[in-house]
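Here is a short report on one structure. Look over the sequence and the model first.

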Amino acid sequence: MDMSVNVPIDDPKADTEWNDILRKHGIIPEKPPSPTLMIEEAIANARDHAHQNRLDDKDLEQLDELEDDEDAEFLEQYRKRMAELFTISRTSVFNQVYPIQKPDYSRDVTDASTHTFVLVHLTSSLGANSESRLLTELWRELARQFGDIKFCEMKADMCIEGYPEKNTPTILVYHDGDIKRQVITLGELAGTKTGIRDLEKLLIDVGALKGDDSRLSHSALPAVNSSLTGRKAMPPSSTAEDDDDEWV
C-alpha cells in the first residue's frame, strides 16, 4: 500500500543545502531569480547604454571641448559619422522612383546627372518580363534607402524606338551628364535572384556610394564584376534604324 511521505520543509525560500536537495528532486520549486541581481544588471545595462550614447546630443563645437576626456580615435570616428549623417540628410531629396517621358529625358536625366548620380531602369514594354518586375520592386526600395541618388523608370520602347524586349530590363547609370555604365538584363548581376546587395555593389562600383556607407546592407562590399564595364549605351534620341546592330 502506497503511503505519502511528508518531507520536512522549514522555509522553501531559504538558501540551504537541504532545500537544494529538495529542489534537485523536484519536491519544491526552483528559487526565483534574485531581484537584486536583476536590478544590478539593469543598472549596468543602463550605464553602458548611456556611455555609448553620451555624445548623441553634442554638436561639433562641444565635441572639440571633450578632446581631453574622450579617446581621440573614437571622437574622430564620431565626427565622421555626424558629418555623413548631415550630408545624407541634406542631399536626400529624391526618395522615390521618377517615371520619365521622352520629351523630359534630357532635363530629368542627363542634366540632373550633373548634380547627382541618376539611374534609369528601362522596363519591359510588354509587362511580362519577370526580371523587369523584380527590378521595379528593388528600384523602389533603393530609392527609399538612398535618397541622394535619383532613380528613374521608363518603358524601353518609349525611350529608344525598336529597343529589343530581350534586352530588358536595362540599367543606365548617368553622372556628369554622360552615361557611365549600362547593364543589360539582370543576367549581368544574379538573374532572378538579384537582390538589394547586388545593386548596392553596382552603386559602389560606379562611385555612387562609398563602401563604408552606413546605409548599406552590410559593410565592405566588393566591387561588381568588371564585365559590367566598357559598354556604351545609346542615347534616347537614337533610332532603331541608326543603331539596330548595337542591341543585338
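Which residues does asparagine 129 touch, not counting residues up to four places away in sequence? They are Ser124, Glu165, Thr168 and Pro169, where contact means heavy atoms within 4.5 Å.

## Basis

This is a predicted model: local features need pLDDT of at least 70, side-chain atom pairs count only at pLDDT 80 or more, and totals for chains, interfaces and linings use all residues. Residues are numbered from 1 along each chain as its sequence is written, and side-chain values use heavy atoms, leaving out hydrogens and water.

## Asparagine 129

Asparagine 129 sits in the loop between strand E2 (118-123) and helix H6 (130-145). Helices (H or I, at least four residues) and strands (E, at least two) are DSSP runs, numbered from the N terminus. Asparagine 129 is buried at 15% relative accessible area; buried means under 20% (1.4 Å probe, protein chains only). A polar atom of its side chain lies 2.8 Å from the backbone oxygen of threonine 168.

## The sheet

Five strands form an open sheet in the order E1-E3-E2-E4-E5, with mixed pairing. Two strands pair if DSSP finds at least two bridges between them. The edge strands are E1 (97-99) and E5 (178-184), each pairing on one side only. E4 and E5 run antiparallel, joined by 6 bridges. H6 packs on the sheet and touches E1, E2, E3 (150-155) and E4.

## Phenylalanine 146

Phenylalanine 146 touches Phe151, Glu200, Leu203, Leu209, Arg215 and Leu216, not counting residues up to four places away in sequence.

Note on methods:
Buried < 20%, exposed > 50% of the residue type's maximum accessible area, 1.4 Å probe, protein only. Polar contact = N/O pair within 3.5 Å; in protein donor to acceptor, adjacent residues only side chain to side chain. Axes fitted to C-alpha atoms, helices over the stretch in contact; angles between N-to-C directions.
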